[in-house]
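Reader: I'd like to go through some ring contacts and a helix here. Can you take me through them?

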Amino acid sequence: MRFGLLGPLTVYDDETGEHRPVRSAKGRALLAALLTRPNRVVPVSELKAALWDDEPPPSAHASLHNHVTRLRRLLAEEDRLRAVPPGYLLRVGPGELDTDVFEQRVRAARAAHAQGDWAETVARARGALELWRGTPQDAAPALVQRLREARLLVLEWRYDAELHLGGHEGGALVPELAALVAEFPLREAFHRQLMLVLHRSGRQPEALAVFQSLRRTLVEELGVDPGPAVQEAYQEVLRDPAPAVASAPPSEPERRSPTPGPRTPHPAQLPPPPAHFTGRSDVVTALCAALTGAAPGPHVVVLSGMAGVGKSALALHVSHRLRGEFPGGQLYFNLHGATPCMAPLTVSQVLCALLRDLGVDPCRVPEEADAAAALLRSTLAPTRTLLVFDDAASAAQVRPLLPAGAGCAVIVTSRSSLAALDGAVRFPLAPLSARDSTDLLRSVSGRGELLDAGDAERLVERCGRLPLALRVVAARLAARRALAPGVLAGLLDAEAGRLDHLEYDDLSVRSSLSVAHDALNGSDRRPDLDAALALRRLGALDLPEYGAPLVARLMDTGVPRAAAALDRLVDVALLDEVSYGRFAPHDLVRDFARELAARHHTAPDLDAAVERGLRWYAESARQAGLALLPPGREGEIRVPPPIDPVTATPFDSEAAAFAWGDRELPQLVALAERYAFTSATARLLIRACFPYLQRRGRLQELIALNRLGLGAARHAGDTEAEAHALTDLAGVHFMSGRREEAMVLNDEATALWRRLGADHRIQRGLANRGMLCERLGRHAEAAEALEQSLGYARRLSDDHGEAIILSHLGNLHEHTDARAAIGYHELSLAAGLRLGSALLQYSAHCNIGFAHLTLGEQDAALPHFDEGLRLMGDDGDWQTQSQTRLGRVRALRALARTGYAEQECTLLLDRAQERGDTYTEGLARHEYGHLLRAAEREAEAFAQWRLALAALDGTDTSVRGELDALLADSG
């Protein structure tokens with residue numbers, strides 16, 4: 001196992017090279033806290049502080065236990081993470097933790113430097129630095145500070161050694177040292193080393209400028225002069241103004257030693273400020289502070305975002321607002337990084353133009369980009385100048401254009417975040433708020449308050465709150481006074497052709513988006529071509545979100561290539577990474593991707609891509625179901641047969657299956673709704689989703705999808721699919737408290753299973769009938785159905801089915817002999833233990849608890865409810881979990897432990913509402929009303945009971961009769 005703290009937290013399997021991501025923030029905080037003190041016991045109190053700072057919630061201890069359990073599953077090594085009072089100990093072997101290896105190599109570099117072994121110093125320093133993936137993101141602040149300081153010391157030792165070995169010749173170290181000087185303006189060692197490298201490369205004026213800049217900064221910030229080491233380097237520069245340089249003879253431009261000629265004292269190149277600039281007040285304030293703050297060095301900000309989000313408008317608005325702060329002038333340059341029909345400008349082109357605009361004689365501008373960049377920095381150094389670089393293609397295009405003087409500021413706009421541009425403050429721009437969008441639409445269109453609020457809201461949403469799209473719509477309304485806003489909103493309602501209505505004169509959303517795709521598609525680099533293909537395939541399937549495994553199937557390629565393609569689409573602002581590894585397009589990019597898919601692919605190609613996507617989802621949902629159902633044959637008969645085994649790997653735990661379902665649920669619903677009536681795979685997908693949705697308690701999705709599946713199966717004449725849909729829909733109605741409707745559907749399904757000769761399904765149908773009859777008070781029918789089901793189970797050697805029937809028989813006997821009912825439930829519990837079925841075990845504990853409540857034995861009931869909840873955890877079957885929590889509330893209330901009862905009831909109510917489970921919500925409110933009444937809060941109790949009755953409307957639960965009686969007391 002390998003652990004990484006240097007940069008983002010990482011865990012790798014050393015044998016397979018598999019990356020094991022720690023997805024939750026709390027999980028990363030836990031692992032980082034343990035890695036900070038490897039092989040030592042970290043007390044529970046410290047771990048809680050790491051996860052919740054100084055305010056751990058009441059459930060912190062249980063939650064910490066859950067996070068430890070998940071971490072153990074991730075590590076998958078026995079005895080790797082142990083509970084050792086008073087906390088936990090993480091075993092880390094030699095060489096497994098990158099911070100340990102890093103600090104060992106730092107010590108070796110320090111020893112070599114102290115001995116003057118310069119070659120060894122360079123080798124050891126590089127060995128340490130190659131481990132550095134970035135500032136640790138999850139470690140404790142003290143450790144982060146120590147590691148950052150160690151890295152800077154290693155850099156200093158390395159450059160010292162390079163200077164002794166002659167590695168500075170030709171100025172190869174200048175860019176690295178210049179970047180460090182800019183990043184750490186008070187660290188004298190880097191300034192000294194940069195001075196010596198420049199001096200020994202024959203660049204004495206720049207070396208002196210570095211000294212003067214450092215001295216000015218130290219005097220202004222700290223009131224001190226540079227130290228002896230820097231002073232000594234300064235004297236070396238002064239003593240030997242032109243040292244011999246052991247490199248190639250200088251080129252002709254270098255011999256000329258260009259110097260600035262007459263320059264324009266106050267360039268004022270900003271285009272006019274944008275008319276009707278609207279919103280973003282917080283961003284404007286933060287931008288102004290970043291550009292004019294007291295921090296040393298030039299102030300560089302990057303405004304990034306998708307096409308049309310308003311980057312250029314914001315840059316110009318802020319630039320005009322700050323003109324008075326920059327008496328040296330304002331320079332503006334469009335770098336054409338994403339301009340239709342234009343290639344991005346080269347660095348040399350921009351440097352030449354900037355120097356010319358600053359008054360440098362064109363004949364004195366060096367041909368080499370590095371020399372021209374140095375001249376630009378020298379020219380700007382004594383000034384306070386604002387530079388605006390609009391539409392940058394990359395960090396490499398911008399980096400040589402940046403000034404080094406403390407008085408200058410730079411605004412860069414780009415579709416990319418330019419993450420490689422060190423020292424920049426980044427402002428990623430999202431679409432406008434709904435209110436700001438409406439204000440922009442009203443002001444630009446000239447319709448003002450005459451624009452109906454409803455029409456304005458529709459237009460804003462159809463434009464995705466994108467400023468460019470809003471300006472197009474506003475321009476149309478301004479140009480055609482007869483064009484009613486409602487009519488234009490209607491044209492934009494249709495997804496097909498929406499982009500046609502978002503073009504006016506030289507404003508075009510489609511053209512702005514096309515630039516990025518066309519550049520990718522015309523590239524000769526495989527990652528770019530993959531990105532263009534990925535965007536088109538996203539348009540074919542058209543889902544709310546995407547991950548790399550799905551996109552790999554759509555592209556018919558490997559996951560690493562698909563992941564690289566998605567990252568590239570983020571780089572060019574055609575996708576947003578909404579969470580780690582999850583990507584989503586803006587609504588208008590979604591329209592654009594659909595257009596691309598139809599334009600670049602034939603209908604059979606698109607159908608094939610959609611089918612691959614459906615098969616991946618159906619097989620993944622099937623694998624999730626297998627992870628969530630009892631092991632062995634019981635699980636296999638409750639999911640579809642293998643659909644496409646090569647497309648999805650099994651889930652290693654219930655938690656992983658739940659996490660997948662939670663993440664993909666919107667996509668699953670979208671695919672089912674779109675393709676149920678045209679694709680057999682989509683119908684299998686609906687069936688495969690049932691275990692996840694049922695255990696999660698997602699009743700609304702269950703009802704919608706299974707009604708859809710039933711209609712699609714009947715439309716296709718697929719009797720087996722119809723029987724499955726009826727069975728599943730009956731289960732949903734039972735969970736919703738509609739038992740009579742569930743009975744009708746279950747009987748229809750059982751009749752179809754008899755016609756198909758499916759004995760396993762008949763056995764389950766009879767068992768369900770017995771359970772439903774018991775709940776409806778039809779006890780004789782219940783006993784008959786359960787006896788028939790038991791006969792089937794024994795003929796089929798179905799131990800799991802027999803255990804379920806024992807549970808149902810226990811519930812039936814509870815009406816006459818609750819003590820005998822407990823015996824049946826204990827037999828079911830024993831079967832669950834024998835079969836390794838957690839679901840059978842905690843169902844049995846729940847039922848035993850209710851039987852004890854029937855006997856008035858609350859003290860005996862409570863431990864069974866607690867044990868059931870312990871077994872199932874937070875991710876257990878929702879149906880059993882909700883009933884167990886209801887039973888626990890009743891037991892606590894009967895024991896007068898009202899505080900705990902109210903806490904449990906509130907938790908149940910929250911979870912029911914989160915799932916849209918109105919039946920459980922009604923039952924929880926019923927119990928909550930009793931708790932309030934016991935606390936003499938009569939008015940609040942009656943309010944809860946009225947809400948409970950409304951939630952239970954349409955159900956056939958006996959609780960409704962009790963609620964009617966309770967509310968009658970209130971008048």
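Author: Phe942 and Trp945 are 3 residues apart in helix α42 (residues 938-951), so about one helical turn separates them. This is a predicted model.

Reader: Are Phe942 and Trp945 buried or exposed?
Author: Phe942 has a relative accessible area of 10%, under the 20% cut-off, so Phe942 is buried. Trp945 is buried too, with a relative accessible area of 0%.

Reader: How many aromatic pairs in total?
Author: The count comes to 10 aromatic pairs. One of them is Phe102 with Trp132, a tilted pair with 5.7 Å centre to centre and 50° between the planes.

Reader: Where do Phe102 and Trp132 lie?
Author: Phe102 is in helix α4 (residues 98-114), while Trp132 is in the loop between α5 (118-129) and α6 (141-165), so the pair ties together parts 30 residues apart in sequence. Phe102 counts as buried at 0% relative accessibility, and Trp132 counts as buried at 15%. Back to Phe942 and Trp945: their pair is edge-to-face, 5.5 Å centre to centre, with 75° between the planes.

Reader: Which rings are linked into a cluster?
Author: Trp616, Tyr617, Phe651 and Trp660, through ring pairs.

Reader: Charges next. What sits over the ring of Trp878?
Author: The charged end of Arg915, 4.3 Å from the ring centre. Arg761 lies over the face of Trp753, at 5.4 Å from the ring centre.

Reader: New topic: what span should helix α37 have?
Author: At 1.5 Å a residue, the 17 residues of α37 (residues 838-854) should span 24 Å, and the end C-alpha atoms are 25 Å apart, which agrees.

Reader: How many residues of α37 are buried?
Author: 14 of the 17, so α37 is largely enclosed by the rest of the structure. Gly856 follows α37 and has a positive phi, near 75°.

Terms used
Residues are numbered from 1 along each chain as its sequence is written. This is a predicted model: local features need pLDDT of at least 70, side-chain atom pairs count only at pLDDT 80 or more; totals for chains, interfaces and linings use all residues. Side-chain values use heavy atoms; hydrogens and water are left out. Helices (H or I, at least four residues) and strands (E, at least two) are DSSP runs, numbered from the N terminus. The expected span of a helix is 1.5 Å times one less than its number of residues. Buried means under 20% relative accessible area, exposed over 50%, partly exposed in between (1.4 Å probe, protein chains only). Rings of Phe, Tyr and Trp (its six-membered ring) pair if their centres lie within 6.5 Å; planes under 30 degrees apart count as stacked, over 60 as edge-to-face and the rest as tilted. A charge sits over a ring if NZ of Lys or CZ of Arg is within 6 Å of the ring centre and within 35 degrees of the ring normal.
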